[in-house]
Amino acid sequence: MQVLLEKEKEDFKQRTQAFIDTRLNKSKELNLKALWQNLYKEGLINKENGVLQNILLSEILCKFRPGIGLFLITQFTCIEIIKNFASDSLKEKYLNKLFSGENISCFSITEPNAGSDVSMIEAFAEKKGNSWLLNGHKIWASNGSISDIIITFVQTKSHKDKSGITCLIIPSKCKEVEILKDTPKLGVEITPSNEVFIKNLTIDENSQIGNLGDGIKIALSTITLGRIFCAAQAVGLLSGVLEESIKHSTKRNQFGKSISDYQAIKWYIADMTKDLDAARLLLHKAAWTKENNSEELNKLSSMAKYFCTSAAQKHSANAVQILGGAGLIKDSYVASAYRDSKVLEIYEGTNEIQRLVIAREIL
Ligand SMILES: Cc1cc2nc3c(=O)[nH]c(=O)nc-3n(C[C@H](O)[C@H](O)[C@H](O)COP(=O)(O)OP(=O)(O)OC[C@H]3O[C@@H](n4cnc5c(N)ncnc54)[C@H](O)[C@@H]3O)c2cc1C
């Protein structure tokens, strides 16, 4: 595995940082669709980029605003599903539009009774001639309210069964698909999360992605990428809270000296620095396994997701401690990072589920 970044990737990091410095404003609302389109126009998103480049992009953007990560994860994951599993005509119809940001996508499998155990989904599609008739209720659909298309998963057998789950692509903007207003949540608020009701939606049978009954295989094969992106989001967030902790602790004086002169604060910062480096190395190793289709991919993507998001949660709590009262100001960087990091421990598979995956791969 290559540990040090090649010059080309270092240049890419610098170009991404320059884009943020010149084009984005911390205090302004972000239009995610416009952000993607501008990244595409600048060449920072393109079809030729490998996994490592895309996770570098995500890490740097997430240092700026950690919540952007979930938007990126979702769009990149949907692109991956279409690239790897969709028919040529679906690829033709959607891939260019997704890369350019003309279309924003949403990945929707979770339901009220199917969270960690996605085999319990109840959304159902029935074959009617050359069409599918769909009904279902989905929750936590990221990008839902800003999406043009939804990649969703439904039962296509008459009884609930893992082997009868099929992946379909449906339009977001039609009267049969009701996307409720954004679910208010603890953190990662920039990316919308939505509850979705699908009521008697008829779609062409060619909207099916992969074979009948391949839904779980498609979801699980793509979730490794989602986990690596989630780890990148955590690494970006962690590098942001480290920077804030250093900035504040070296400026703030109490009892006649800088608080960074006290051992208590030094230890927080030393631990953060150590874990950031370890997290980034694990992230890059996981990205390497994805790019090279290594048999360790499942284990490494779960290890990276688990380690990086736990480290982000622990150290953003410590960053709030270092900033004292200033760290409690609701919209301060560290207060929102603290809330965001908790959310990261839950999506793309909770950290308990990551441990199950790692143990299963080892045992
Ligand atoms: C912000 C956000 C964005 C999301 N985005 C999407 C999205 O875009 N698309 C989508 O389809 N879904 C999305 N989700 C859903 C997400 O994948 C689920 O929330 C997650 O998988 C956990 O499911 P749950 O919330 O139902 O928790 P549950 O599965 O009910 O778990 C509750 C608790 O039980 C534990 N637990 C469950 N099973 C086991 C077990 N076997 N062993 C040990 N512990 C266990 C869990 O770890 C957790 O601590 C998102 C969720 C959030 C919060």
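**Close-up views of a predicted model**

View 1. Ser 245 is found in helix H6 (residues 215-251), where helices (H or I, at least four residues) and strands (E, at least two) are DSSP runs numbered from the N terminus. This is a predicted model, in which local features need pLDDT of at least 70 and side-chain atom pairs count only at pLDDT 80 or more, while totals for chains, interfaces and linings use all residues. Residues are numbered from 1 along each chain as its sequence is written. Is Ser 245 buried or exposed? Ser 245 counts as buried because it has 26 C-beta neighbours inside 10 Å; a residue is buried if 20 or more other C-beta atoms lie within 10 Å of its own, exposed if 12 or fewer, and partly exposed in between, with C-beta atoms placed from the backbone. Leaving aside neighbours within four places in sequence, Ser 245 is in contact with Tyr 268, Ile 269, Met 272, Ala 319 and Ile 322, two residues being in contact if their C-beta atoms, placed from the backbone, lie within 7 Å. Between the C-alpha atoms of Ser 245 and Leu 282, which are 37 residues apart along the chain, the separation is 23 Å.

**View 2. The shell around the ligand.** There are 21 residues around the ligand, and Gly 115, Ser 116, Ser 142, Thr 350 and Glu 352 come nearest; a residue is near a molecule or strand if its C-beta atom, placed from the backbone, lies within 6 Å of it. Two or more residues of this shell are given by each of strand E1 (105-108), strand E3 (131-142) and helix H10 (351-362). By residue type, the shell divides into ten nonpolar, nine polar and two charged, where Ala, Val, Leu, Ile, Met, Phe, Trp, Tyr, Cys and Pro count as nonpolar, Asp, Glu, Lys and Arg as charged, and the others, Gly among them, as polar. At least three residues of the shell come from each of domain 2 (105-216) and domain 3 (223-362).

View 3. The domain assignment of the chain gives domain 1 (7-100), domain 2 (105-216) and domain 3 (223-362), with bounds that come from an automatic or database domain assignment. Taken over C-alpha atoms, the centres of domain 1 and domain 3 are separated by 21 Å. To the contact, domain 1 brings 18 residues and domain 3 brings 19 residues. On the side of domain 1 that touches domain 3, helix H3 (51-64) and helix H4 (68-85) each supply at least two residues, and the largest share, nine residues, comes from H3. The residues of this side of domain 1 divide into ten nonpolar, five polar and three charged.

**View 4. Paired strands.** Strand E3 and strand E7 (residues 193-204) run antiparallel and are joined by nine bridges, two strands being paired if DSSP finds at least two bridges between them. Here Leu 134 has Leu 201 in E7 as its bridge partner. Strand E6 (residues 177-179) also runs antiparallel to E7, with three bridges between them, and Ile 179 stands opposite Val 196 in E7. Strand E5 (residues 165-171) is mostly covered, with six of its seven residues buried. Seven bridges connect E5 to strand E4 (residues 149-155) in the antiparallel sense, and Ile 151 stands opposite Ile 169 in E5. E5 pairs as well with strand E8 (residues 208-209), antiparallel and over two bridges, where Gln 208 in E8 is the bridge partner of Leu 168.

**View 5. Two residues with positive phi.** Most residues other than glycine have a negative phi. Trp 140, although not a glycine, has a positive phi of about 55 degrees, and Trp 140 is found in strand E3. Because 19 other C-beta atoms lie within 10 Å, Trp 140 is partly exposed. Phe 255 likewise has a positive phi of about 55 degrees without being a glycine; Phe 255 is found in the loop between strand E9 (253-254) and strand E10 (257-258). Phe 255 is exposed, because 7 other C-beta atoms lie within 10 Å.

**View 6. The largest nonpolar core.** The largest nonpolar core has 98 residues, such a core being a set of buried Ala, Val, Leu, Ile, Met, Phe, Trp, Tyr and Cys residues joined through C-beta atoms within 7 Å. Ile 228, Ala 234, Leu 283 and Cys 308 are those with the most contacts inside the core. Not counting residues up to four places away in sequence, Ala 234 touches several residues, including Ala 279, Cys 308, Thr 309 and Leu 344.
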